[in-house]
Amino acid sequence: MSKNQGYTTSSLHTRFSKDDAHHALHMPIYEGVAYEFDSSQDMEEVFTGRKFAHAYSRTSNPTVEYFEQKLKSVTGAKSVIAVSSGMAAITNTLLSLVEPGGNIVASNQLFGHTYAFLKSTIQNWNIQVRFVDMRNLDHVADAIDSKTGLLFFETITNPQLEVYDIAALSALAHSKNVPVVADSTVTPPYVFKSADFGVDVEVVSTTKFISGGAAAVGGAIIDNGTFDWVKSEALKTWATNFPENALLARIRKEIFRHLGGCMTAHTAHFLILGLDILALRVDRCVENCLALGSFFEQHNKVTRVNYPGLKNSPGYALSQKQFSGKPGAVMTIDLQSKKSCYDFMDALKMVRRATNLNDNKTLIIHPWSTIYAEFSDAEKEQMELRDTMLRLSVGIEDVHDLMEDFEQALLCVGVDG
Ligand code: PLP
């Protein structure tokens, strides 16, 4: 097949690793637990890693393997492992890349549960986390030292929608022998070629765009094969046996196997379907975001609009360069006060009040009082959150229906909030 094959063709035509016994065109759902061996010798070879075969579905499963294969085809990555959720992708990766006594340099703008994991849970394991404003390369450089296991950020921060200069961050990290891990949930592989911008490893919540309509919770770890793992304190022994694949070998054979956060075959089935039609959905969502963006920009009750695809957004130029001008489908609007936000949300007739991203339906949430409710106001302000801000995850509805719903809901918002 051609090297320049497009995203959708690659996804649809990824071959199975073995011919299906019944020549099924769609990967069957292998929902069993254990796999039989022809002989004890065979069994020994698989358990000692000399040969690959599925043995037990917590460690590998044919349907999940096919989903991993598809992600590999569409990203061109070196290796992929599917896990039970986006949080599992983040925790498995981070725990594999830094040892007790080491540190992580992380963005100060992160999804709430990721921030909470880094702020509390991981620190109990004697791993320090240095939260930095990644717009400032000098601050990033100052935070990195010989004990830094990785640099970590979201490709577009959720929900602040900050867009970092990813190539510059990667060049800086690599100059200090530090691998770059990016949470690319908001910018799926169709719009973001992470290796072109120096990202070594992507962690993804496949729950979002990839699941194709909020069908299943899942996650994936995508290793581009670009980092020399001998340079990683946490992986240098693994790199002796698995020179090119040390990270995924450690995850598969140790961290993931022992923490047990595996993906089920049913979940993989939904993700396989979702991955194939991802480009169509992303294009429609981006169109809707651009139209809604202009609508909100012109509305006198909306005090601020942010979508990195809009010319007035601070992230516009970098989005054009990094995400082919298709920076996902999350946008934020600000109204005059928290009360205005609640009045607006409560008046919506079609748009759903729910916490998720990239459902096919448009969703709305007030991040300050929900996802970030456990943090102090000062911490939230430090993360550049505002109680006047609403996050919209824009779906694939007919845009005039969305505008009609937003228009009538804005009429219910008083002028002084
Ligand atoms: N990363 C980002 C940017 C997210 O928005 C989320 C969830 O909303 C996650 C990670 C966690 O994903 P999951 O809910 O699949 O664990």
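Predicted model: local features only at pLDDT ≥ 70, side-chain atom pairs only at ≥ 80, totals over all residues.

**Notes on the model**

1. Let me begin with V330, which touches L161, V186, Y307, P308, L357, R391 and L392, leaving out residues up to four places away in sequence. Contact here means heavy atoms within 4.5 Å. V330 sits in strand β9, and at 2% relative accessibility V330 counts as buried. The cut-offs are these: buried is under 20% relative accessible area, exposed is over 50%, and partly exposed is in between, with a 1.4 Å probe and protein chains only.

2. Residues are numbered from 1 along each chain as its sequence is written, and side-chain values use heavy atoms, with hydrogens and water left out.

3. Apart from neighbours within four places in sequence, P308 is in contact with I156, L161, V163, S313, G315, Y316, S319, P327 and V330. The C-alpha atoms of P308 and L290, 18 residues apart along the chain, are separated by 9.6 Å.

4. Which residues are closest to the ligand? They are G86, M87, D183, S205 and T207, out of 13 residues that surround the ligand, where a residue counts as near if one of its heavy atoms lies within 4 Å. Helix α4 (residues 86–97) gives the most to this shell, with three residues. By class, the shell has four nonpolar, seven polar and two charged residues; Ala, Val, Leu, Ile, Met, Phe, Trp, Tyr, Cys and Pro count as nonpolar, Asp, Glu, Lys and Arg as charged, and the others, Gly among them, as polar.

5. Oxygen atoms of the ligand lie 2.8 Å from a polar backbone atom of G86, 2.8 Å from a polar side-chain atom of S205 and 2.6 Å from a polar side-chain atom of T207. The protein covers 88% of the 390 Å² of accessible area that the ligand has on its own, by the Shrake-Rupley method with a 1.4 Å probe.

6. The whole structure has 14 aromatic pairs. Rings of Phe, Tyr and Trp (its six-membered ring) pair if their centres lie within 6.5 Å; planes under 30 degrees apart count as stacked, over 60 as edge-to-face and the rest as tilted. F192 and F197 are stacked, at 5.8 Å centre to centre and 20° between the planes, and both are buried. F192 and F323 are edge-to-face, because their planes are at 65°, with centres 5.3 Å apart. F192 lies in the loop between β5 (180–183) and β6 (201–205) and F323 in the loop between α12 (316–322) and β9 (330–334), so this pair ties together parts 131 residues apart in sequence.

7. Lastly, please look at R250 in helix α9 (residues 246–259). Is R250 buried or exposed? R250 is buried, because its relative accessible area is 8%.

How values were computed. Polar contact = N/O pair within 3.5 Å; in protein donor to acceptor, adjacent residues only side chain to side chain. Helix = DSSP H or I, 4+ residues; strand = E, 2+ residues; numbered from the N terminus.
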